[in-house]
Structure formats: structure tokens, C-alpha cells
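Hi,

Here is the structure I promised to pass on. Have a look at it first, then read on for what turned up.

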Amino acid sequence: MLSLQEQYAKKSICYGCGPANAHGLQLQSRVKGDLVVAFFEPQPHHHAFPGVLNGGVIATILDCDCNWAACWFLMQQG
């Protein structure tokens, strides 16, 4: 199943969720029933401290996934 980013924004260079940004976070938002769910696997270079994810990375994930959830909701209003 393709992510929303892969379906609707293949050429996006967004740092958080752009499929075309090889150095970005590569966040993938997928529709699961009535939900939009974010998939992201943190790497050690995303940490603020060992085992603790950087707050800016967390904010980016929330920003991107919430925007895609809102877009998906609006697309369904069609």
C-alpha cells in the first residue's frame, strides 16, 4: 500500500515527508480505516541524547502527518 506522499506528492522535497528528499526523514502517512497513521523509523542520528528522539524531529513528524491527515479528510469531502 502506497503512502499518501507516494500517491499525491512523489516529487516533494519536504524534509519530513518528501519522497524525493533522500536526506529527509522519509515519513510515510497511510490511511488505516478512519485514521491517517504515520510511519517513521528513527535512526541514532535523529537522537538528542542516546535513546531520546530530538524534539525538532518529533515536531516535524507531527507537522507533516497532521497536514496529511487534514488533506486526506478534505479530499474525502469531495
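In what order do the elements of the protein run from the N terminus on? The order is α-β-β-β-β-α, with 2 helices and 4 strands in the protein. Keep in mind that this is a predicted model.

Some overall figures to start with. The C-alpha trace spans about 45 × 25 × 20 Å along its principal axes. The protein has 78 residues, of which 28% count as buried. As for contacts between residues at least 6 apart in sequence, 41% of them join residues at least 24 apart.

Now to helix H2. This helix covers 55–76 and has 22 residues; from first C-alpha to last it reaches 32 Å, close to the 32 Å expected at 1.5 Å a residue. Its buried residues are Val57, Thr60, Ile61, Cys64, Asp65 and Trp68. These sit on the same side of H2, because the arc they cover around the axis is only 110 degrees. Helix H1 (4–8) and strands E1 (28–32), E2 (35–39) and E4 are included in what covers them. On the face turned away from that buried side you'll find Leu62, Phe73 and Leu74, which are exposed.

Nonpolar side chains tend to be buried together in soluble globular proteins. Here the largest nonpolar core has 11 residues, namely Leu4, Ala9, Cys17, Leu25, Leu27, Val31, Val36, Val57, Ile61, Cys64 and Trp68. H2 gives the largest share of this core, with 4 residues.

Leaving out residues up to four places away in sequence, Asn54 touches His46, His47 and Ala48. Is Asn54 buried, partly exposed or exposed? Its relative accessible area is 30%, so Asn54 counts as partly exposed. Between the C-alpha atoms of Asn54 and Pro42, 12 residues apart along the chain, the separation is 9.8 Å.

Last, the rings. How many aromatic pairs does a search of the whole structure find? The search comes back with 0. There is a charge over a ring, though: the charged end of Arg30 sits over the ring of Phe39, 5.5 Å from its centre.

Over to you!

How values were computed: Residues are numbered from 1 along each chain as its sequence is written. This is a predicted model: local features need pLDDT of at least 70, side-chain atom pairs count only at pLDDT 80 or more; totals for chains, interfaces and linings use all residues. Side-chain values use heavy atoms; hydrogens and water are left out. Buried means under 20% relative accessible area, exposed over 50%, partly exposed in between (1.4 Å probe, protein chains only). Contact means heavy atoms within 4.5 Å. Rings of Phe, Tyr and Trp (its six-membered ring) pair if their centres lie within 6.5 Å; planes under 30 degrees apart count as stacked, over 60 as edge-to-face and the rest as tilted. A charge sits over a ring if NZ of Lys or CZ of Arg is within 6 Å of the ring centre and within 35 degrees of the ring normal. A nonpolar core is a set of buried Ala, Val, Leu, Ile, Met, Phe, Trp, Tyr and Cys residues joined through side-chain atoms within 4.5 Å. The expected span of a helix is 1.5 Å times one less than its number of residues. The arc is that of the directions from the helix axis to the C-beta atoms.
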